[in-house]
Amino acid sequence: MSDLKSTGPQTADAPTPEDAFHEVAALEAKDAQEDIHDERVKGPVLAADGTPLKRSLNRALRMQKMRAMMLIAPLLIFVLITFIFPILQMLWRSVENEIVSQTLPNTVIALEQWDEKSGELPPEDVYAAFVKDMKVAVANKTHTKLGTRLNYEQTGLSSLFRKSGRKIKKWDPETGGPFKEKLIKVNKGWGDVTTWQTIKLHSSPITAGYFLNAVDMRLTPDGVAMQPENKQILLKLFGRTFVMSLVITFACIALGYPVAWLLANLPARSANMLMILVLLPFWTSLLVRTSAWKVMLQQQGVINDTLVWLGLVDDANRLVMINNQFGTIVAMTHILLPFMILPMYSVMQTIPPSYLRAAKSLGATNWTAFWRVYFPQTVPGIGAGSILVFILAIGYYITPEIVGGTKGVFISNRIAYHISSSLNWGLAAALGTILLAVVLILYWAYDKIVGIDNVKLG
Amino acid sequence: MSVNPVQKPSTAFTAAMSAAAGAIAGLLVGTAHDQPTLGVLIGAILIGIVGAALSKVEQMEQAERGTRWGILAVFIIGGFALSGVAGAVVGALFGWFFGWFIFWIGTGRYRAPLAPYLTPGQVLWHYTFRVIAGAIFVFLITPILVVLPLSFNAQDFFTFTPEMLRFDPAGYSLKHYEDFFTNNEWQRSFRNSLIIAPFATIIAVSLGTLAAIGLSQSHVPFKRPIMAILISPMIVPLIISATGMFFFYSGVGNWLEGALGMSKSLTGYIKVILAHAVLGIPFVIITVTATLVGFDRSLTRAAASMGANPVTTFFRVQMPLIMPGVISGALFAFITSFDEVVVVLFVGSASQKTLPWQMFTGLREQISPTILAVATILVGISIALLTTLELLRRRSERLRGMSPS
């Protein structure tokens, strides 16, 4: 059993009940038949209460597993319900599109017969079915919601549904026909082929439309196409989020490395003093630090005032450092820097300083000794810190919102905008899903490189 | 290193180093007066001559005190003559620096703490590196330090007024603190934070500690996936958690109000508390499992063999020993909830407005320096938390028989 690893410290040398559990765990893997045969020959070893020892130990192991699971279960269920489930719900919402087929069930069926590529308007029965559906929808007041939903795909449909709803309310779907001319007279939008194409294209209960929108594409009768130029903003925003997060990560490496090195190489007393300077920002509220940067970077802020006072900058041309990418990068580098320093520091602490001296005594120059001997040993720390900082940066919302203006915002600000202002929740969910996928890949990489159990705080 | 003999460097060296420092200062002053080249020249020549002259003095250490005061006075007067009070302050800084720098170089004191075999290039790099690292520390700490005095501003500005710079008592006031403690909006949000954070902490700590104890048992099926799920709230970006919770809790809220007949504000609190509890859980799990790694399991067996039932064992033996981990986990969970704004923004309604939310709207819309007063109070709280954590860490190490480093 020498290859078994114990999870806790085994303080006593004598066998403990813990060792017995380990043995049972190993025995389970073995061929059971052989053991039973063994027992027949030698006779089973009995526990104090007369049951065979093996069965007794097995029961104890089962009990222990049960007890562990019982302790974990409440939290696991809590997290599954209030965290994992909401995330899955969000994933579902990014493809869910039942509103069209639910609000216009007859129209959707009638539209199946119509060829959207023919360039002709649908026949009268589609219009009749549409009026019938709209009558119900107007009574339930769901037609405006549908209009809003379809408006994401084609601008103008929201008002079309709203205005026509008022008229259709007064019609009688059984006797009022034919409706084709009547509807087109109400609003010539119903005489436009693209309106019907949009309804048909987005009638399926599950859609990739939100995901296509999230990468600046859309569904057309001829397949997937790019959005018109003036609506292409999200890919650019994804790109900017990515690039700025990278810049922030590299800035954190550049600033964090010397500090971590100094902390790891100073005597313990002064290192602890300096550590406070790292930990205090780490522990300070995010909003405090963001407001501090607002105070610092404003045109009438501390940095500009100091520069003007020193005469380095003219009062009339104060530097613009806020509400742009520079502001976001500076503030976020400051906020995320401790997350880079702490893992680097914990790695550098374990590197004996004698290695560098040994390299130099063997004739390495300062640079070679650093680059070939010291630096490679610190790479795990850099990797851990970088992934941590990048994951945190890519999903940041508060700081870009306050110091980023319009040029320095991230994709998360767009998600928040779609949740609270434009109410295009499907698109928000799709953007969130893409972001989540990126983060999970990075998280997986982090787990491979560092191991999630090695996350340390403070 | 104390055996390292300190040699007085040559006059030329002292003069050159002083001139270099003078040139940098001259560049600064020169740029301010639109004459950078002239500034560099004057600075280098002036300080270089002073350095050379002082280096010629035989017993340099004995002259130090008086000379440094002299240099300081000359610089203050010179600065004042050049550009008034501001110049005097800058002059005082420069004067103090040069007084110290010339003697530090001139007496060879800079060499004392370093290994004797270092080449001049290595010595230069050593100190350059210190200066760079010092600048980074300044970058880390300045924003926080700047907020503190500004919160006592008598004006409604986000910047230093001339009165404040003159240290005129009229420039300072406690009115922003007064505003914080009397304004209904701020007080209500503060109260909300004080309601939500403790409840979220209690849920996170009680469930989290139990689960951490379960996870630290030797045979836990599916340990890694379980751990990944429990840690996930920390990894998933807040904006995504907030989006998911936004959809989820709007349904939950309707159900609580409709089926259970709860009031709107109560459901609001329940929603935010549950959402914050989930966010705090990973911190509790991580800190408590870290403490349990060093926990000697034979203690529980000893307790059991002496007749204690599992509940007694837990509360009388295990709990006191892992308490430091539990408390630091609780502090993390508390600060997570107390500091959280994205999720509460999405899940809560206006009546659950917390302190960070209020600060966020304040920063985005109507800028009021009360935010800085609140920020100062929060910095105070974080210093208190940091101290508590450090004391706990020492206690934990003492309990485990390790000496605090």
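Select helix α13 (residues 268–283) of chain A together with helix α15 (residues 370–399) of chain B, and look at how they pass each other: the crossing of α13(A) and α15(B) is right-handed, where a crossing is called right-handed if the near helix is turned clockwise from the far one by less than a right angle, and left-handed if anticlockwise. The model is a predicted one, in which local features need pLDDT of at least 70 and side-chain atom pairs count only at pLDDT 80 or more, while totals for chains, interfaces and linings use all residues. Residues are numbered from 1 along each chain as its sequence is written, and chains are lettered from A and ligands numbered from 1 in the order in which they are written.

The axes of α13(A) and α15(B) come within 9 Å and cross at roughly 120°; axes here are lines fitted to C-alpha atoms, for helices over the stretch in contact, and angles run from 0 to 180 degrees between N-to-C directions. The two helices are therefore oblique to each other, given that angles under 35 degrees count as roughly parallel, over 145 as roughly antiparallel, 65 to 115 as roughly perpendicular and the rest as oblique. Helices (H or I, at least four residues) and strands (E, at least two) are DSSP runs, numbered from the N terminus.

Now show the side chains at this crossing, where Leu279(A), Leu280(A) and Trp283(A) of α13(A) meet Ser382(B), Ile383(B), Leu385(B) and Leu386(B) of α15(B); two residues are in contact if their C-beta atoms, placed from the backbone, lie within 7 Å. Sorted by class, this contact has six nonpolar, one polar and no charged residues, with Ala, Val, Leu, Ile, Met, Phe, Trp, Tyr, Cys and Pro counting as nonpolar, Asp, Glu, Lys and Arg as charged, and the others, Gly among them, as polar.

Next, select both chains: 90 residues of chain A are in contact with 84 residues of chain B. On the side of chain A that touches chain B, the largest share, 22 residues, comes from helix α3 (residues 53–93) of chain A. By class, that side of chain A has 63 nonpolar, 21 polar and six charged residues.

The crossing of α3(A) and α21(A) is left-handed, and the contact is made by Met90(A), Leu91(A) and Arg93(A) of α3(A) and by Trp425(A), Gly426(A), Ala429(A), Gly432(A) and Thr433(A) of α21(A). This contact has four nonpolar, three polar and one charged residues.

Stay with α21(A) and bring in helix α20 (residues 411–420) of chain A, whose axis comes within 8 Å of that of α21(A) and crosses it at roughly 155°. That angle makes α20(A) roughly antiparallel to α21(A), and the crossing is left-handed. Among the residues that make this contact are Ile411(A) and Arg414(A) of α20(A) and Leu427(A) and Leu431(A) of α21(A).

Then turn to the spans taken from a record. For chain A, an unreviewed UniProt entry lists "transmembrane region" at several places, including residues 241–264 and 326–345; positions are given in the numbering used here, feature names are shortened, and annotations may be inferred rather than shown by experiment. Residues 241–264 of chain A are 100% helix and 0% strand, with end C-alpha atoms 33 Å apart, and residues 326–345 of chain A are likewise 100% helix and 0% strand, with end C-alpha atoms 27 Å apart.

For chain B, the UniProt annotation "transmembrane region" (unreviewed entry) includes residues 12–32 and 227–249. Residues 12–32 of chain B are 100% helix and 0% strand, with end C-alpha atoms 30 Å apart, whereas residues 227–249 of chain B are 91% helix and 0% strand, with end C-alpha atoms 25 Å apart.

Finally, select two single residues. Asp216(A) lies in the loop between α11 (209–214) and β1 (217–220) of chain A, and its phi is near 65°, a positive value in a residue other than glycine. Asp216(A) counts as partly exposed because it has 18 C-beta neighbours inside 10 Å; a residue is buried if 20 or more other C-beta atoms, placed from the backbone, lie within 10 Å of its own, exposed if 12 or fewer, and partly exposed in between. Phe222(B), in the loop between α7 (184–215) and α8 (223–235) of chain B, has a phi near 55°, also positive in a residue other than glycine, and with 12 C-beta neighbours inside 10 Å Phe222(B) counts as exposed.
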